[in-house]
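Q: Hey, I've got a new model open and could use a hand finding my way around. Can we talk it through?

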Amino acid sequence: MEKVIAIIICFALSMSLTGCEKAPVSESSEPSSSRRVIKWFDCLNGDEMVWDDIREYNIDEFSGVTFRWHGDYLEAVTDEETVTLYTGMPIWSVYFYDLTGDGNPEICSTISFGSGMVDNRIIVYDYVGGASYELSDRCNFDYVLNIQGDSLIVEKRAYMQDEIIESGELVFLDDTIQIKAEG
């Protein structure tokens, strides 16, 4: 019951920040290009949150893998197995972008985390390397992904506030994900 309440609260808070419009539930493959941002969906920036449905996505760089979103978790499905990659309450967005420079796109998401006190954070999952990275500062700041041109942008806000206090490109430096300082 707590999880349902947390999801409802998180959804209500997010809806107050941005609106969501209708988006398809199942998407098709994009052309191969790991050095550009590929948006699967982003419910904080225009796409509809489809709570009871499942979204699936295939990308050329990961032949034989279907990525499956269930609102509160993302999994990779192959003929051999189904593996949960990460969870959120919910997972608001999924982008593919090669942050590590290995030629394969990482999976980049804005997720909400917590029960009662909920914050937004960024998770990046390196599917090839099997590693995940997180940008978060619980109850101090919220982090949200956005796309601008060919860049994946992080918007940093004071916890539960609307005003953006820092914004910059999402980068991978020193084995961490960071906001690239502008200028």
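**A strand and its sheet**

Q: Let's start with strand E6, residues 73-77. Why is it largely enclosed by the rest of the structure?
A: Because four of its five residues are buried. Keep in mind that this is a predicted model.

Q: OK, and which sheet is E6 in?
A: An open one made of four strands, in the order E4-E5-E6-E7, with antiparallel pairing.

Q: What about the edges, which strands are there?
A: Strand E4 (55-57) and E7 stand at the edges. Each has a single partner strand, so one side of each has no neighbour in the sheet.

Q: How much are neighbouring strands turned against each other?
A: By 25° on average, ignoring direction.

Q: And what holds strands of a sheet together, in general?
A: Strands pair through backbone hydrogen bonds, in either a parallel or an antiparallel way.

Q: Back to this one. How many bridges are there between E4 and E5?
A: Three, and the two strands run antiparallel. Take Arg55: its bridge partner in E5 is Trp69.

Q: Then E5 to E6, how many there?
A: Four bridges, antiparallel again, with E5 covering residues 66-69. Here Arg68 stands opposite Glu75 in E6.

Q: Switching topic: where is Asn146?
A: Asn146 is in strand E12, which covers residues 141-148.

Q: Is Asn146 buried or exposed?
A: Buried, with a relative accessible area of 15%. The cut-off for buried is under 20%, so Asn146 falls in that group.

Q: Which side chain does the Asn146 side chain make a polar contact with?
A: The one of Glu155, at 3.0 Å.

Q: What else does Asn146 touch?
A: Leaving out residues up to four places away in sequence, Asn146 touches Asn45, Tyr95, Ser151, Leu152 and Ile153, along with Glu155.

Terms used
Residues numbered from 1 in each chain as written. Predicted model: local features only at pLDDT ≥ 70, side-chain atom pairs only at ≥ 80, totals over all residues. Heavy atoms only, no water. Buried < 20%, exposed > 50% of the residue type's maximum accessible area, 1.4 Å probe, protein only. Pairing = 2+ DSSP bridges. Polar contact = N/O pair within 3.5 Å; in protein donor to acceptor, adjacent residues only side chain to side chain. Contact = heavy atoms within 4.5 Å. Axes fitted to C-alpha atoms, helices over the stretch in contact; angles between N-to-C directions.
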